[in-house]
Amino acid sequence: EEAREAEAVRMIELRAAESNDELELWRSVRIAVLPNERTASVAELRSRGSFMLLAYPDRSEVARVRGTLRVRRDRPAGGAGPPGRPDEQRPAVPDGIDVVTLAERRELLPRLYHELALQAFEDIPTPRKVEITLEQWETEWVNWPEATFVALAGDEIVVMAGLNHDADRPDRAENALTTVRRDQRGQGLARMLKETATAWASAHGIREIYTWTQTGNENMRAVNERLGYVTRDVSISVRRKLPL
């Protein structure tokens, strides 16, 4: 019996995903497991410095990243996000507010991080504080400048919203970080800018936009519901200390 158990263990091979081909293989597993959300590119994976494993048990593929086990199956998984709504119109912009894209104002990129994103990360109700470096912000969180919208009151940044490009599924996009400066919340600015991003998506062939929100972030969940988003997936996080 011990010999058979040992033989079964040896059938599973774990291998670090290091080469571009191995990272693409890891990506293919994640895309198969989570087809309804964007998968980071090889360049983004490398910029994170994360440790990815590929496992080959009996020719089945398993991917592991950030402590989350993903198993490839032959049936599709569910997804989250609203169905595409064609012919969306841009909303009215309040007096005193100017809306620009990051493509038009590239110099705003580091300011978005320091003046808005860091504040938002403190407020996101996640089990662990969101910690994103400026480099990660520039390469992963804001990867579609022409679809990233910023609302300005004079020279002050008050709101940002937009989309992240999905190279594997160009007909859909993920909402980028949507956040309002604390002293400007409750005025409908988040909805206005998300509607602006939706109108841009409609005009550029995007047929589905999806996003993730957390329990405890009821204000943004209410905004999404008013905009027509529907819940299709629920993710539950669990934590426990390892018995080391």
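Contact, throughout this tour, means heavy atoms within 4.5 Å.

**The whole chain**

With that definition in hand, display the entire protein: of its contacts with a separation of 6 or more, 67% are between residues 24 or more positions apart. The model is predicted, and local features need pLDDT of at least 70, side-chain atom pairs count only at pLDDT 80 or more, and totals for chains, interfaces and linings use all residues. Residues are numbered from 1 along each chain as its sequence is written, and side-chain values use heavy atoms, with hydrogens and water left out.

Colour the model by secondary structure to find 7 helices and 10 strands. Here helices (H or I, at least four residues) and strands (E, at least two) are DSSP runs, numbered from the N terminus. Of the 244 residues, 42% are buried. A residue is called buried under 20% relative accessible area, exposed over 50%, and partly exposed in between (1.4 Å probe, protein chains only).

**Helix α5**

Select residues 134-141, which form helix α5; the buried residues here are Gln136, Trp137 and Glu140. Viewed down the axis of α5, these buried residues fall within an arc of 105°, so they line one face of the helix. The arc is that of the directions from the helix axis to the C-beta atoms.

Now show the cover over the buried residues of α5, which includes α3 (42-48), α4 (109-123) and β7 (156-165). Then select Glu140, which counts as buried at 9% relative accessibility. Leaving aside residues up to four places away in sequence, Glu140 touches Glu44, Ser47, Arg48 and Asn164.

**Where α4 meets α5**

Select α4 together with α5. The two helices pack at an angle of about 100°, and their axes are 10 Å apart. α4 is therefore roughly perpendicular to α5, a term for angles of 65 to 115 degrees, while those under 35 count as roughly parallel, over 145 as roughly antiparallel and the rest as oblique. Axes are lines fitted to C-alpha atoms, for helices over the stretch in contact, and angles run from 0 to 180 degrees between N-to-C directions.

Show side chains at this meeting point: residues of α4 including Leu109, Tyr113 and Phe121 meet Leu134, Trp137, Glu138 and Trp141 in α5. Pro110 is located in α4 and counts as partly exposed, at 32% relative accessibility. From Pro110 to Glu138 the C-alpha to C-alpha distance is 8.0 Å, across 28 residues in sequence.

**Helix α7**

Move to residues 218-226, helix α7, whose buried residues are Met220, Val223 and Asn224. Seen down the axis of α7, they fall within an arc of 95°, so they line one face of the helix. These buried residues pack against α6 (189-203). Turn to the other side of α7 to find Asn219 and Glu225 exposed. Gly228, which follows α7, has a positive phi, near 100°.

**Last stop: Ala173**

Finally, select Ala173 in strand β8 (residues 172-175). Ala173 is buried, with a relative accessible area of 0%. Among the residues that Ala173 touches, not counting those up to four places away in sequence, are Trp144, Leu163 and Ile209. Ala173 and Ile209 are 36 residues apart in sequence, yet 5.0 Å apart in space, C-alpha to C-alpha.
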